[in-house]
Amino acid sequence: TLTLDYLENQNGTATITVRGISNGQTVDDEFEITVNAVNGAPEGSDKTITIIEDENYSFQLNDFEFRDFDGDVFAGVKIISVETAGNLKYDGLDVIINTDYPDVTQFSFIPMSNENGSPYANFTFKVKDNVGIYSNSSYTMTINVTPVDDPPIIVNPILDIEVNEDTDDSIINLLNCFEDPDNDNSNIIISLHNNSNTSLVFADIYDNNLLLTYQSNANGQSNITIRGTSNGKSVDENITVTVLPVNDQPGSFSLLTPNNNAVIDINNNNLENIVEFNWEESVDPDSDNVEYSLFIQYEEQDYLLSDKMNKNSFTINYDKIDSLMVSLFNTEVLAGKWFVTSTDGEIITESKEKSNITFQSSTTAIDDRSAGIMEYKLLQNYPNPFNPTTNIQFCLPKTSFINLSIYDINGSLIETLVNENRNSGFHLINWDASSYSSGIYIYIIKSNNYIKKRKCILMK
């Protein structure tokens, strides 16, 4: 029996001679064997790659082993089963089972955020040669993901803050702002890393709370950075604090002279004497220009003696006072109070006290005096801001038809306070705004060719 054993992956022609021997005599029989070439299946092998957590991996050609005894070349792989975790993509698209992928360098693997493991994921494949033959066996690509200690992350961002000047402190809980993907959240240390404008706001952290204390009469912006640190790694949360400017009331002040309960006697011999009113300066927190108005309160009514003064003093001679006692008060003994208001043009501050003062006149021919009022005037309402009532004063040099009306900020008429003839002199009108909402209102007076408007603030 002739046994022929064909060598693996060999092809070609062989001549075989079979010899028969008998009594020293031989005879040969020759025959030819031809082994035809057949394209055998290629082979691959299982592979393992190791990548770092949160990093994408791009496959290389040498990640896929290929052997072919026919001398054929590698022509890609067929995916047999898809990835068990993470995302395997080819040219940016998800892979599909039983699909050929010719260029293995287009494969990429993306582990899920903050996930790791050894093994972490795997997929199976067959190799393919350029003739189109697949390996008989499928192989496994195992992917290990090495863990990395990640810094904390911001899971609940802090909203930017906008407040009005001189507002109360803000307290913001930071406990749920940060999260550590790898460690216990309770180990996160929260600290104040930066405050760009300490002259605007003081920032501090205690018991995982951010405390913001706004500096008096300051406005502007500050950028504040809160840092969360865990296991030596940190993340920063940035917030912008905006403090809007608010018009502050001029500062309080006291009256100086004349002293309380002063008595001033006026007679024909001292009409050239003067009375000097003095008071402390009213300092405006916003550095606005402050103007003063001096009032005499007589029989529960306030009468303007002088307004729009830039200095904290006023001088008037006895003769002028004597004339006012006749033309304005119609009396020879004026026992009242004097006080001063300061204003920045919007908000009024009244002096801390009202001082008693008495003027006594013993001049002759008093009825012939007529200092009078020489011009139309519309005064700033008082108080301002107010809630819900305020007084509006105007003065007339002669008997005139007067229209005094209130308008809202949009210019719509909401109420008419006076629409009639009024005698010369000072007039005080009370406006009750209890039926209106908080806001800015305009009051306008019209008389002959005189028109004047002022702004007032209702603050409920």
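**First stop: Ser306**

Before you start clicking, keep in mind that this is a predicted model. Select Ser306: its relative accessibility is 14%, so it counts as buried, the cut-off being under 20%. You'll find Ser306 in strand E25, which covers residues 301-309. Leaving aside residues up to four places away in sequence, Ser306 touches Tyr292, Ser293, Leu294 and Phe314.

**Next: the largest nonpolar core**

Now bring up Ile266, Val275, Phe277, Trp279, Trp338, Val340 and Phe359. These have the most contacts inside the largest nonpolar core, a set of 34 residues. Strand E25 is among the elements giving two or more residues to this core, as are helix H1 (318-327) and strand E27 (333-343). Colour strand E24 (291-298) too: the largest share of the core, 5 residues, comes from E24.

Zoom in on Trp338. Which residues does Trp338 touch? Beyond those up to four places away in sequence, its contacts include Phe277, Trp279, Leu294, Ile296 and Ile357.

There's a second, separate core of 25 residues; to find it, select Ala85, Val95, Tyr139 and Ile143, which are among its members.

Show the strands in the order E14-E18-E17: they form an open sheet of 3 strands with antiparallel pairing. E14 (170-173) and E17 (201-206) are at the edges with a single partner strand each, so one side of each has no neighbour in the sheet. On average, neighbouring strands here are turned by 20° against each other, direction ignored. Between E17 and E18 (residues 209-214) there are 6 bridges. To finish, click Ile205, which stands opposite Leu210 in E18.

Note on methods: Residues are numbered from 1 along each chain as its sequence is written. This is a predicted model: local features need pLDDT of at least 70, side-chain atom pairs count only at pLDDT 80 or more; totals for chains, interfaces and linings use all residues. Side-chain values use heavy atoms; hydrogens and water are left out. Two strands pair if DSSP finds at least two bridges between them. Helices (H or I, at least four residues) and strands (E, at least two) are DSSP runs, numbered from the N terminus. Axes are lines fitted to C-alpha atoms, for helices over the stretch in contact, and angles run from 0 to 180 degrees between N-to-C directions. Buried means under 20% relative accessible area, exposed over 50%, partly exposed in between (1.4 Å probe, protein chains only). Contact means heavy atoms within 4.5 Å. A nonpolar core is a set of buried Ala, Val, Leu, Ile, Met, Phe, Trp, Tyr and Cys residues joined through side-chain atoms within 4.5 Å.
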